[in-house]
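I opened this model to look up its sheet, the helices around it and its charged pairs. My notes are below the display.

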Amino acid sequence: MKWVGRRQSTNVDDRRRMSTGKKAGIGGGLLVAGIMLFGLLTGKDTSMLVNLVQMFNGGDYIEQTANEPLTEEQQREGEFVATILADTEDVWTSVFKQYGKNYQKPELVLFTGQVQSVCGGATAAVGPFYCPADRKVYLDMSFFDELKRRFGAKMKSDVAGNSGDFAVAYVIAHEIGHHVQNLLGTSDEVNRLQQRSSETDANRLSVALELQADFYAGIFTHYADQYNDILESGDIESAISAASAVGDDAIQSRTQGYVVPDAFTHGSSEQRVYWFRKGYQTGDISQGDTFSEILK
């Protein structure tokens with residue numbers, strides 16, 4: 001992916017130089033992380049539960065203190081992430097303007113190991129996530145090593161030898177897609193529908209929400225390449241490999257040896273690839289109605 005020399009966003013909060021120490025009641029941190037993971041997988045709002053757990057555990061929180069300076073590789077990673085975030089800002093500002101709307105830029109938090117958000121505490125094991133309550137994306141770069149090691153995603157290294165794999169751009173664009181849904185009111189509507197739905201139907205709504213975020217990642221790719229000619233050979237394949245690796249069927253097959261479609265919360269590998277491709281190929285946000293497709 002071509003990225004060196006372009007504008008970098010100032011909306012990156014790099015906390016990787018901070019060490020994390022936990023102050024909590026017994027088991028409180030694990031319970032908070034479990035609640036957070038449940039919320040991310042089901043799309044349900046768990047902030048109230050998180051706050052209650054923290055209150056009864058004496059104000060459970062993650063304390064961060066200054067630590068070692070960033071390595072040269074980490075600095076390069078930060079520059080890459082800031083460039084991708086700037087690209088998402090440019091693309092979605094333009095798309096929103098086409099519909100007479102103003103795009104409100106989110107913040108992206110880079111962390112290592114553990115992090116605290118308004119949605120609660122989380123560890124790197126949760127993976128990248130978007131917190132609608134504070135409108136921030138949280139990202140631990142070690143997730144991409146896990147994506148390759150545990151789930152077999154094929155990631156093309158940047159031709160210049162930099163840590164600029166397009167799979168990283170896809171994941172960031174997917175989480176920004178959730179921010180777009182939050183701004184458009186889609187996330188709130190899905191949460192309301194899930195409150196009065198069966199578990200199976202709530203899962204299907206979650207799948208539709210996640211697939212639309214994949215579609216928005218494709219929309220981003222379409223326009224970012226149109227604006228800045230960012231794509232190189234193998235980049236789209238890298239994004240598709242990442243999308244396929246985190247499909248519910250792929251994860252269930254690897255972790256439990258069988259697939260339970262009714263338990264899907266993010267969509268199958270085939271669905272995730274399909275909607276990313278559709279966004280990338282059409283560049284038409286009006287074609288991203290995943291809900292009619294999934295809920296029919």
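**Ground rules.** I am working with a predicted model, where local features need pLDDT of at least 70, side-chain atom pairs count only at pLDDT 80 or more, and totals for chains, interfaces and linings use all residues. Residues are numbered from 1 along each chain as its sequence is written, and side-chain values use heavy atoms, with hydrogens and water left out.

**Sheet.** I looked up the strand order and found E1-E4-E8-E7, an open sheet of 4 strands with mixed pairing. Strands here are DSSP runs of E, at least two residues, and helices are runs of H or I, at least four, numbered from the N terminus. Two strands pair if DSSP finds at least two bridges between them. E1 (12–14) and E7 (129–131) are the edge strands; each has a single partner, so one side of each lacks a neighbour in the sheet. On average, neighbouring strands are turned by 25 degrees against each other, direction ignored. Axes are lines fitted to C-alpha atoms, for helices over the stretch in contact, and angles run from 0 to 180 degrees between N-to-C directions.

I then checked E4 (107–110) against E8 (136–139): they pair in the parallel sense over 4 bridges. Val 109 stands opposite Tyr 138 in E8.

**Helices.** H3 (72–98) packs on the sheet and touches E1, E4 and E8, its direction making about 160 degrees with that of E4. Contact means heavy atoms within 4.5 Å. H5 (166–184) lies across E4, E7 and E8, at about 25 degrees to E7. In H8 (235–245), 9 of the 11 residues are buried; Asp 235 and Ile 240 are among them. Buried means under 20% relative accessible area, exposed over 50%, partly exposed in between (1.4 Å probe, protein chains only).

**Salt bridges.** I searched the whole structure and got 12. The criterion is a side-chain nitrogen of Lys or Arg within 4 Å of a carboxyl oxygen of Asp or Glu.
- Glu 107 and Lys 136 meet at 3.1 Å, N to O. The pair joins E4 to E8, 29 residues apart. Glu 107 is partly exposed at 27%, and Lys 136 is partly exposed at 21%.
- Arg 76 bridges to Glu 79 at 3.4 Å. Both lie in H3, 3 residues apart.
- Arg 7, Glu 89 and Asp 90 are linked in a network.

**Loop.** His 266 sits between H9 (248–256) and H10 (269–282). His 266 is buried at 15%.
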